[in-house]
Amino acid sequence: MIEAARTFLWHHARVLEQRRFAFLFDGGPAEPVVRAVLAYRNDDGGFGHALEPDGRGPTSQPLHTFTALSLLHEVGGTAPGALDFLASVTNPDGGVPNCLATAREHPRAPWWQVSADSDLLMTALLASVLHRTGAEHPWLDGATAFCWRRLDELVESHPYEAAACAHFLDAVPDRDRAGAAAERLGALVREQGLVDLGQGRAHEGYAAGETHKPHHYAPTPDSLARRWFRDEEVERDLDALAAARQEDGGWTFPWPAWTPVTTHEWRPIVTIEALLTLRAYGRIS
């Protein structure tokens with residue numbers, strides 16, 4: 001499986017994903033990954049230039065910056081100035097918008113909707129990765145407080161937002177509060193049908209087949225969201241994930257490819273993520 005994925009990435013991946021794969025699975029060095037990620041950095045400390053493939057423009061965006069922080073943390077790198085960029089685009093309530101107005105003039109996916117409103121999904125993702133890095137910064141204090149307030153009030157959600165909240169709860173330092181909040185969130189996810197346990201029904205507004213499986217909420221066995229699912233549900237999900245590998249050695253994604261290049265850029269990313277999940281659960285060595 002690893003060899004087939006390696007061949008797939010040599011055929012289709014950006015330099016970034018090739019270097020990341022080498023680090024994660026072949027014992028490759030971290031520095032080339034760091035250099036590849038920093039190539040997407042802007043002078044304001046944020047990241048752009050289609051680092052996350054669905055935002056094609058050059059301007060710094062919260063989602064690109066989250067992606068950069070995650071990739072750099074994975075290899076032990078840092079992103080100088082990223083927290084200052086985030087502080088510059090954060091609302092008074094501590095929340096970060098999903099897509100800034102600076103994206104308006106550049107190509108982007110239809111779901112990259114410009115808005116100034118604070119977004120729980122985006123703020124939770126950013127706070128989660130910064131907590132994992134052990135960051136200490138006033139921005140993180142405010143963002144964490146925002147996430148707690150919104151989580152305490154949460155009565156309805158959608159899969160991407162719920163998954164972001166699960167990742168926040170895995171990383172936030174207050175473990176007792178995180179455990180209690182995860183129990184409530186898991187009940188909401190199951191009651192509102194935000195997880196695909198084999199039924200294959202997409203949430204309203206999503207593309208056919210664009211569903212969240214147990215491993216999207218619990219990418220590792222020690223994730224708090226792992227408690228939401230029975231052993232047989234997780235095993236069935238992992239079986240399906242392994243079986244989803246395509247003949248060319250890579251995995252694909254269920255959301256729409258709104259411009260052709262995103263197919264080639266997303267598939268290597270989701271291939272690496274599938275391998276990481278399968279390895280975390282002991283399905284591959």
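Helices (H or I, at least four residues) and strands (E, at least two) are DSSP runs, numbered from the N terminus. The close-ups below show a predicted model, in which local features need pLDDT of at least 70, side-chain atom pairs count only at pLDDT 80 or more, and totals for chains, interfaces and linings use all residues. Residues are numbered from 1 along each chain as its sequence is written, and side-chain values use heavy atoms, with hydrogens and water left out.

**View A. W251 in the loop between α11 and α12.**
Start with W251, found in the loop between α11 (231-243) and α12 (260-280). With a relative accessible area of 3%, W251 is buried (buried means under 20% relative accessible area, exposed over 50%, partly exposed in between, with a 1.4 Å probe and protein chains only). Leaving aside neighbours within four places in sequence, W251 is in contact (heavy atoms within 4.5 Å) with M1, L241, A242, A244, R245, R267, V270, T271, A274, L275 and L278. If you look for D93 from here, its C-alpha is separated from that of W251 by 39 Å, and the two residues are 158 apart along the chain.

**View B. H12 and its contacts.**
H12 is found in helix α1 (residues 2-12). Its relative accessibility is 33%, so H12 counts as partly exposed. Not counting residues up to four places away in sequence, H12 touches D248, H264 and P268. The C-alpha atoms of H12 and E265 are separated by 7.7 Å, although these residues are 253 apart along the chain.

**View C. The largest nonpolar core.**
A nonpolar core is a set of buried Ala, Val, Leu, Ile, Met, Phe, Trp, Tyr and Cys residues joined through side-chain atoms within 4.5 Å. The largest one here has 90 residues, and those with the most contacts inside it are W139, F168, L169, L185, Y217 and W228. Helix α6 (residues 120-133) gives the most to this core, with nine residues. In soluble globular proteins, nonpolar side chains tend to be buried together.

**View D. Helices α7 and α9.**
Helix α7 (138-153) has 16 residues and reaches 23 Å from its first C-alpha to its last, close to the 22 Å expected at 1.5 Å a residue (the expected span is 1.5 Å times one less than the number of residues). Its buried residues are W139, L140, A143, T144, F146, C147, W148 and L151, and they pack against α5, α6, α8 and α9. A178, G179, A181, A182, L185, G186, L188 and V189 are buried in α9. The buried residues of α9 pack against α7, α8 (159-171) and α10 (214-217). Just after α9, look for G193, which takes a positive phi of about 65°.

**View E. The second largest pocket.**
On a 1 Å grid over the protein atoms alone, a pocket is an open set of points where a 1.4 Å probe fits, with protein on both sides within 12 Å along at least five of seven lines; lining residues have an atom within 4 Å of a point. About 180 Å³ of space lies in the second largest pocket (grid points are joined across faces, edges and corners, and the volume is the space filled by probe spheres set on the points). Of its 13 lining residues, the closest to the centre are L69, T78, A79, L130 and T133. The elements that give two or more residues to this lining are α4 (62-75), α5 (82-89) and α6, and α4 gives the most, with three. The lining divides into eight nonpolar, five polar and no charged residues (Ala, Val, Leu, Ile, Met, Phe, Trp, Tyr, Cys and Pro count as nonpolar, Asp, Glu, Lys and Arg as charged, and the others, Gly among them, as polar).

**View F. H49 and A50, between α3 and α4.**
H49 lies in the loop between α3 (31-38) and α4, and A50 has its place in the loop between α3 and α4 too. H49 has a positive phi of about 60° although it is not a glycine; A50, not a glycine either, has a positive phi of about 65°. H49 is partly exposed, at 35% relative accessible area, whereas A50 counts as buried at 5%.

**View G. P80, between α4 and α5.**
P80 sits in the loop between α4 and α5 and is partly exposed, with a relative accessible area of 48%. Leaving aside neighbours within four places in sequence, P80 is in contact with R41 and G45.
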